[in-house]
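Biologist: Could you walk me through a few parts of this fold? I'd like to begin with the strands.

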Amino acid sequence: MHVSGAAEAPLGAALRELRTRLEVPADFPADVLAEVESALESPDLSGHRDATDIPFFTIDPPTSRDLDQAMFLERRGSGFRVSYAIADVAAWVKPGGALDREAHARVTTLYFPDGKTPLHPSSLSEGAASLLPDQDCPALLWTIDLDAEGRSVATDVHRAIVRSRAKLDYDGVQKAIDNGTAEEPLALLKDIGLLRDQQEIARGGISLNVPEQEIVEREDGYHLEYRAPLPADGWNAHISLLTGAAAADLMIEYGTGILRTLPAAPQGAVGRLRRSAKALGIDWPRHMPYADVVRGLDPRHGNHAAFLQECTSLLRGAGYTVFTGGELPDPRIHAAVADEYTHCTAPLRRLVDRYAGELCLAAVAGQEPPEWVLAALDALPQEMADGTRRANSIERECVDIVEAALLKDRVGEIFDAYVIDVKDRQPTVGTLHLEDPAVVARIEGGETKLPLGERLRVRLTQADPGKAKVQFAPA
């Protein structure tokens, strides 16, 4: 979710107050910055091979500068080779040093609608460690060979110095592929992406193409706009998912690692989602698996976008699971991926990825992982859980603030809505989805039992960014 507009507007003020209340760090301590300056002068480049001859490219939002991944795609016989460079954060971070301690305190980059609080100082994450074009960077270079059906048949990872040739964005990539002007290494993104789509379907996995929301301030108030994910977004994501699955396989065979796991959704959660589907006019026959329903959605349609947001509830319960000594965890599957999987492709923005990368390097080399990696493993799942919980809390509060900002001048107005959830023990309280704008909010019906799954005319009763969440009542 992104926001544009004057910094002094009510929305901006409410977001600044949220940062203060949640004690979100504004700056990095002096000792961290001093250590970064030292690292910039002498990074640890031991063991890095020269791979600057590979013409990598990155695909990110146009304003992004913290570029974790760069790729190069090529045909190999009847199959394909994916060369995927991941920023080597360990080349810059001294184990146990000030920067390392600060990263463990922050855990993840925190995203707000009007900016972000980074995991690492910007001189690293948006500078020397980022895979920006035309600069030599230390990286973990993954080489994954695929057969003609897109199945992984061989994996290697080692340290290398790489140089990206181009910083591409999703819109430009989509246009180049659609109009046939993309050169083969980029054009193959579609070919490989579609094959990986079929592999995902065969496994029973699912990717949620949740649209981005943007709140734009205009003279007459705030307006909500959607950016529906492009096919190129999904093809690009498949390269990351492919690497995460390959990394999990390496660690499982090695006997030591950290997996991203998600248990299967309980029937109660699926039942609630079925009620939401009915309320939003989504056709979900009884015999149709959830994954097939999601694959048929178009996030450009408001009711489909709302249902995709509801689908994220089935991702609750995801966590990190450590295993050592060859004793594999249970569960070890990520239910949405429908495979063993780990996070390893975003080390500039997520703490655990640095450790997963080191474990994979050790697995390929047949060596013991570094002591600093083994020493941190047991604590990592709880650290990541705490950091993820904090990030999710910020996201929820930001949504509340942005929706209130969007509607603050419309208290008392009547809207058309769908009732998408009703509390079992309080049938007069529930959740609704507005037809326009696309807002999901609480409704309290007084003495009236709410009609689950039906359209309802509702009145906005409160909306004040930073003070009162959006709330409705039956009109």
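Biologist: How many residues sit between β14 and β15 in their hairpin?

Modeller: There are six residues between β14 and β15 in that hairpin, and the two strands (DSSP E runs of at least two residues, numbered from the N terminus) pair in the antiparallel sense over five bridges, where pairing requires that DSSP finds at least two bridges. This is a predicted model, in which local features need pLDDT of at least 70 and side-chain atom pairs count only at pLDDT 80 or more, while totals for chains, interfaces and linings use all residues. Residues are numbered from 1 along each chain as its sequence is written, and side-chain values use heavy atoms, with hydrogens and water left out.

Biologist: Which residue of β15 is the bridge partner of D421?

Modeller: That partner is T431. On the β16 side, G430 has I443 as its bridge partner, and β15 and β16 form a hairpin with five residues between them.

Biologist: And is β15 buried or exposed?

Modeller: Five of the six residues of β15 (429-434) are buried, so the strand is largely enclosed by the rest of the structure; buried means under 20% relative accessible area, exposed over 50% and partly exposed in between, with a 1.4 Å probe and protein chains only.

Biologist: Switching topic, where does P55 lie?

Modeller: P55 lies in the loop between β2 (49-50) and β3 (56-59), and is partly exposed, with a relative accessible area of 35%. Leaving aside residues up to four places away in sequence, P55 touches M71, F72 and R165, contact meaning heavy atoms within 4.5 Å.

Technical notes:
Helix = DSSP H or I, 4+ residues; strand = E, 2+ residues; numbered from the N terminus.
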